[in-house]
Amino acid sequence: MTNQKPMSCKIDNWAYESLKEEAHISGHKANRIINNAIVLYVQWVDMCRRIKCGSAPNLEINEFYQNNRYTYM
């Protein structure tokens, strides 16, 4: 059983260079960085929607920050 789906995408040159640099500096594989970035982005967009509609209490925003402030540091 596989936990991954193959996918192809076009990435801007500047983003690709940043990804290569981060992978080199952090020692993490590019695929792991991309997966974490997607999860973080989806959570961020959801939080922005909640803030925009007024349904994100400060505790929820603080919890999101606490959970993600050390992502790949």
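**Reading a predicted helical model**

Me: Why is Ala37 called partly exposed?
Reply: Ala37 has a relative accessible area of 44%. Buried means under 20% and exposed means over 50%, with partly exposed in between, so Ala37 is partly exposed. Ala37 is found in helix α2, and its C-alpha is 13 Å from that of Tyr16, 21 residues apart in sequence.

Me: And why does Glu60 count as partly exposed?
Reply: Good one to check! The relative accessibility of Glu60 is 21%, and buried requires under 20%, so Glu60 counts as partly exposed. Glu60 sits in helix α3.

Me: What makes Met47 a contact of Glu60?
Reply: Contact means heavy atoms within 4.5 Å. Glu60 touches Met47, Arg50 and Ser55, leaving aside residues up to four places away in sequence.

Me: How do you know how the reach of α1 compares with the expected span?
Reply: α1 has 14 residues and reaches 20 Å from first C-alpha to last, close to the 20 Å expected at 1.5 Å a residue. Just after α1, Gly27 takes a positive phi of about 85°.

Me: Which residues make the nonpolar surface patch?
Reply: Ile34, Ile38, Tyr41 and Val42 make this patch of about 390 Å². Val42 belongs to helix α2 (residues 30-52).

Note on methods:
Residues are numbered from 1 along each chain as its sequence is written. This is a predicted model: local features need pLDDT of at least 70, side-chain atom pairs count only at pLDDT 80 or more; totals for chains, interfaces and linings use all residues. Side-chain values use heavy atoms; hydrogens and water are left out. Patches are made of residues with over 30% relative accessible area and no salt bridge: like charges are joined within 9 Å, nonpolar side chains (Val, Leu, Ile, Met, Phe, Trp, Tyr) within 5 Å. Accessible areas come from the Shrake-Rupley method with a 1.4 Å probe; for residues, only the protein chains shown count as cover. A salt bridge is a side-chain nitrogen of Lys or Arg within 4 Å of a carboxyl oxygen of Asp or Glu. Helices (H or I, at least four residues) and strands (E, at least two) are DSSP runs, numbered from the N terminus. Buried means under 20% relative accessible area, exposed over 50%, partly exposed in between (1.4 Å probe, protein chains only). The expected span of a helix is 1.5 Å times one less than its number of residues.
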